[in-house]
Amino acid sequence: MNICVHTSLGRRGEDEPHVFYVGGNRLIVAGIRERWVKHPHRYYEVTCDDGRRFLLRYDTDQCIWELAGVYAPVYATRLVSARYR
């Protein structure tokens, strides 16, 4: 899913996601948990200020941001694992 991402310069001097929009909702990136490159994409696993986690992908050839993944909240994972013990 293509998304709108606003970036700012990070410590490495490259653009990093700062704010993004999904379904009309503005999500503020509180931190980048992990980042990696798999040409032609740059991946960012981010945590938002509300605690939700997303995987954002930037296509460097087409200059397009995409929502590549959504992580389950930690409390939901604990509930599911507790049910199956």
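Trainee: Which ring does the charged end of Arg 53 sit over?

Mentor: Keep in mind that this is a predicted model. In it, the charged end of Arg 53 lies over the ring of Tyr 71, 4.4 Å from the ring's centre.

Trainee: Arg 53 also turns up in the contacts of Thr 47. What else does Thr 47 touch?

Mentor: Leaving aside residues up to four places away in sequence, Thr 47 touches Ile 28, Val 29, Ala 30, Gly 31, Arg 33, Arg 52 and Arg 53. As for its place in the fold, Thr 47 belongs to strand S4.

Trainee: Is Thr 47 buried or exposed?

Mentor: Here the cut-off matters: buried means under 20% relative accessible area. Thr 47 has 19%, so it counts as buried.

Trainee: Let's stay with S4. How many bridges join it to S3?

Mentor: Eight bridges do that, between S3 (residues 25-38) and S4 (residues 41-48), and the two strands run antiparallel. To find your way across, take Trp 36, which stands opposite Tyr 43 in S4.

Trainee: And the sheet as a whole, in what order do its strands come?

Mentor: Read across the open sheet and you get S1-S2-S3-S4-S5-S6, six strands with antiparallel pairing. Strand S1 (4-9) and strand S6 (64-71) are at the edges with a single partner strand each, so one side of each has no neighbour in the sheet. From one strand to the next, the twist averages 35 degrees.

Trainee: Now the aromatics. What describes a pair of aromatic rings?

Mentor: You want the distance of the centres and the angle of the planes. In this model the count comes to four aromatic pairs. One of them is Tyr 44 with Trp 65, a tilted pair at 5.8 Å centre to centre, with 40 degrees between the planes.

Trainee: Where in the chain do those two residues lie?

Mentor: Tyr 44 is in strand S4 and Trp 65 in strand S6, 21 residues apart, and the pair links distant parts of the chain. Tyr 44 and Trp 65 are both buried.

Trainee: Which other ring pairs with Trp 65?

Mentor: Look at Tyr 58: its pair with Trp 65 is tilted too, at 4.8 Å centre to centre and 45 degrees between the planes. Tyr 58 is buried, as is Trp 65.

Note on methods:
Residues are numbered from 1 along each chain as its sequence is written. This is a predicted model: local features need pLDDT of at least 70, side-chain atom pairs count only at pLDDT 80 or more; totals for chains, interfaces and linings use all residues. Side-chain values use heavy atoms; hydrogens and water are left out. Two strands pair if DSSP finds at least two bridges between them. Helices (H or I, at least four residues) and strands (E, at least two) are DSSP runs, numbered from the N terminus. Axes are lines fitted to C-alpha atoms, for helices over the stretch in contact, and angles run from 0 to 180 degrees between N-to-C directions. Buried means under 20% relative accessible area, exposed over 50%, partly exposed in between (1.4 Å probe, protein chains only). Contact means heavy atoms within 4.5 Å. Rings of Phe, Tyr and Trp (its six-membered ring) pair if their centres lie within 6.5 Å; planes under 30 degrees apart count as stacked, over 60 as edge-to-face and the rest as tilted. A charge sits over a ring if NZ of Lys or CZ of Arg is within 6 Å of the ring centre and within 35 degrees of the ring normal.
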